[in-house]
Amino acid sequence: MADPEGESLESWLNKATNPSNRQEEWEYIIGFCDQINKELEGPQISVRLLAHKIHSPQDWESLQALTVLEASMKNCGRRFHNEVGKFRFLNELIKIVSPKWNLQWK
C-alpha cells in the first residue's frame, strides 16, 4: 500500500478515480476513507472533491467516484454523513439524474 503519510484527500481520490484504472483500486478508496477520518476538515473537503469527480465527463471516472462515495458512507462516521446530507451535496447528486440538467449536456 502507498505510504499514507503526506497523502492528501485529493491525491487519494485522484488515484482511486483515475480513468486509466482497469478496476476499482480499493487500496486508494480505503486510503481516502481513512484520510477523511483523520483530518478535521476531511468530511467538508471530501464531499466537494467527490461532487466534482461525480460530474466528470468521463463515465468511468464518475462511476469510480460513486464507488468511493459508497465506501465512504460505509467507512466514515457521522461527520461525513452530516456533510453528505447537506443540501449543497444532495443538489449535486440531483443534477446527475435531473432531465433539466441532462439536457444542458446534450
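**Stop one: a salt bridge to start**

Select Glu7 and Lys15: these two form a salt bridge, with their closest N and O atoms 2.7 Å apart. (A salt bridge here is a side-chain nitrogen of Lys or Arg within 4 Å of a carboxyl oxygen of Asp or Glu.) Glu7 is buried at 14% relative accessibility, while Lys15 is partly exposed at 29%. Buried means under 20% relative accessible area, exposed over 50%, and partly exposed in between, using a 1.4 Å probe and protein chains only.

A word on what you're looking at: this is a predicted model, where local features need pLDDT of at least 70 and side-chain atom pairs count only at pLDDT 80 or more, though totals for chains, interfaces and linings use all residues. Residues are numbered from 1 along each chain as its sequence is written, and side-chain values use heavy atoms, leaving out hydrogens and water.

The structure holds 5 salt bridges. Next, pick Glu61 and Lys53, whose side chains meet at 2.9 Å, N to O. Glu61 is buried at 10%, and Lys53 is buried too, at 12%.

**Stop two: helix α4**

Now select residues 59-75, which make up helix α4.

Which α4 residues are buried? Among them are Ala65, Val68 and Leu69. The buried residues of α4 pack against α1, α2, α3, α5 and α6, where contact means heavy atoms within 4.5 Å.

Still in α4, show Glu70 and Lys74: they sit 4 residues apart, about one turn of the helix, and their side chains form a salt bridge at 3.2 Å, N to O. An α-helix has 3.6 residues a turn, so residues three or four places apart point the same way. Glu70 is partly exposed at 43%, and Lys74 is exposed at 65%.

Leu63 is also in α4, partly exposed at 49%.

How many disulfides does the structure hold? The count is 0, a disulfide being a pair of cysteine sulfur atoms within 2.5 Å. For Cys33, the nearest cysteine sulfur is that of Cys76, 4.4 Å away. Cys33 is buried at 1%, and Cys76 is buried at 5%.

How values were computed:
Helices (H or I, at least four residues) and strands (E, at least two) are DSSP runs, numbered from the N terminus. The expected span of a helix is 1.5 Å times one less than its number of residues.
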